[in-house]
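Biologist: Could you take me through the side-chain packing here? I would like to begin with the aromatic residues.

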Amino acid sequence: MVQEFSEQELIRRESLAKLRELGIDPYPAALYPVNTNAAEIAAGFDPEKGNFQEVCIAGRLMSRRIMGAASFGELQDESGRIQIYVKRDEICPEEDKTMYNTVWKKLLDIGDIIGIKGFAFFTQTGQLSVHAKELTLLSKSLRVLPIVKEMDGQVFDAFTDPEMRYRQRYVDLIVNPQVKETFIKRAQIIATMREYFNQAGCLEVETPILQSIPGGATARPFVTHHNALNIPLYLRIANELYLKRLIVGGYNGVYEFAKDFRNEGMDKTHNPEFTCMEIYVAYKDYIWMMEFVEKMLEKISLKVNGTTKVEIAGNTVDFAGPYRRLPILDAIKEYAGVDVKGMAEPDLRATCKKLGVEVEPSMGKGKLIDAIFGEYCEKNLIQPTYIIDYPVEMSPLTKRHRNDPTLTERFELFVCGKELANAYSELNDPIDQFERFEEQAALKSKGDDEAMYIDMDFVRALEYGMPPTSGLGMGIDRLTMFMTGQTAIQDVLFFPQMKPEKIAGSEKSE
């Protein structure tokens, strides 16, 4: 393979060679004893206290202003940026001034990672800085950073193209440091949820990613092959059925932050690989779970944003409970103006046609109702809203409603027109569960490739007896979008799935 380099990249490679000729290792392996960072110095330096006088920091060189025998630069580490002051006779106290005159002034570049040992001080203009007593090259950058420049109120070279940002997230994080905050908040969201569940007495567990039967959701799976066993395996579409097996086994509460995979379309709110949290608690129902979720989301919002109110796509959304509870058939009646309760499949199909809702011949009653709901109702659900009491045909893993056997005890939580969570009073009747699996198998035979498979081992587990249980699944990626005000899932994933990139020179051979 022959790589192709720009003029600036060739110049940097020449600098690399010259550094090596000078006996300077551009990628040293030795430990560098960092003892502070830019933010700590900014927050704590007090010249009257005489602190931060033995500073050792490291980071990326982001700017440099050379003024003869003295220079200023800007160093960026994980916590932020700080000015550095480099004086020739300080870093080169002996006769040899190569480190300043040649290395610092000519062979180092913007983007290089360097280490500075020195002390903190304020310049005559009041700028907090680190006076360098020693400078070390820690890693040579061979590519040019798209450093943002401002001139006459205009911004130049901003790294804003979404495709470039998502493909080269490492560059995005360097030149758009505000992006880091989104991912810090994502980590805080997960940590807060974990703390909340642990305090509720639940156990964090792990379940298989490779599964012989893709269960727990209606979705199209990814298929792979296990060579040693000579069998097809599927990347999990959900972890529900394994977690409920653990409830059968005697745990009262289990949860998992799981990587799930669905071989479906990609858009601003869907990625084929996503993170889902699922939790199952014995001796509870979906009504209890609604209150549990409200308290959790309020806690998360306060932790991440300091308030329960968040700006999302131009809407002020309040995560403080209680949330509205709206039966799905009532929602369709309210927003679509039709009463579909008790309708047979032919009537539902005719209603979809009348409403202009596109449907497929393979769709059964559940998907027809879901299509109407998706077209007419979801967009109206801006504030957190529980859509509850779904028809049996839409919920093959859910317990029938205690007051109406044609419905189930299920809710979905919607925010800003998007589903955030799905929860049930879990079906624990093994006979009913088997019959629902058979109905799903019939849909699959009609061409519905998202219908569930029959999982006889799960039925067998239920036959041993599962206590009344409430379960919840919540998308972590979408929750992060809401809590950080992002409108695209790609902005809350470090490395979203994208079409393969053609890199210059990658298709050539030597």
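Biologist: Which residues do ring pairs link into a cluster?
Modeller: Ring pairs join Tyr196, Phe197, Tyr255, Phe257, Trp288 and Phe292 into a cluster. Rings of Phe, Tyr and Trp (its six-membered ring) pair if their centres lie within 6.5 Å; planes under 30 degrees apart count as stacked, over 60 as edge-to-face and the rest as tilted. This is a predicted model, in which local features need pLDDT of at least 70 and side-chain atom pairs count only at pLDDT 80 or more, while totals for chains, interfaces and linings use all residues. Residues are numbered from 1 along each chain as its sequence is written, and side-chain values use heavy atoms, with hydrogens and water left out.

Biologist: How many aromatic pairs does the structure hold?
Modeller: There are 16 aromatic pairs in the structure. One of them, Tyr85 with Phe121, is edge-to-face, at 6.0 Å centre to centre and 65° between the planes.

Biologist: Which strands do those two lie in?
Modeller: Tyr85 belongs to strand S3 (residues 80-87) and Phe121 to strand S4 (residues 113-122), so the pair ties together parts that are 36 residues apart in sequence. Strands (E, at least two residues) and helices (H or I, at least four) are DSSP runs, numbered from the N terminus.

Biologist: Are Tyr85 and Phe121 buried or exposed?
Modeller: Both Tyr85 and Phe121 are buried. Buried means under 20% relative accessible area, exposed over 50% and partly exposed in between (1.4 Å probe, protein chains only).

Biologist: And why is the pair of Tyr196 and Phe197 tilted?
Modeller: Their ring centres are 6.1 Å apart with the planes at 55°, so the pair is tilted. Tyr196 and Phe197 are likewise buried.

Biologist: Next, the largest nonpolar core. Which residues touch the most other members?
Modeller: Met193, Phe197 and Leu297 do, out of 40 residues in that core. Helix H9 (residues 286-305) supplies the largest share, 9 residues. A nonpolar core is a set of buried Ala, Val, Leu, Ile, Met, Phe, Trp, Tyr and Cys residues joined through side-chain atoms within 4.5 Å.

Biologist: What does Met193 touch?
Modeller: Leaving out residues up to four places away in sequence, Met193 touches Phe257, Met277, Met296, Ile300, Met474, Ile476 and Leu479; contact means heavy atoms within 4.5 Å.

Biologist: Changing topic: how many disulfides are there?
Modeller: The structure has 0 disulfides, a disulfide being a pair of cysteine sulfur atoms within 2.5 Å. The sulfur of Cys56 is 18 Å from the closest cysteine sulfur, in Cys92, which is too far for a bond. Cys56 is buried, at 4% relative accessible area, and Cys92 is buried at 3%.
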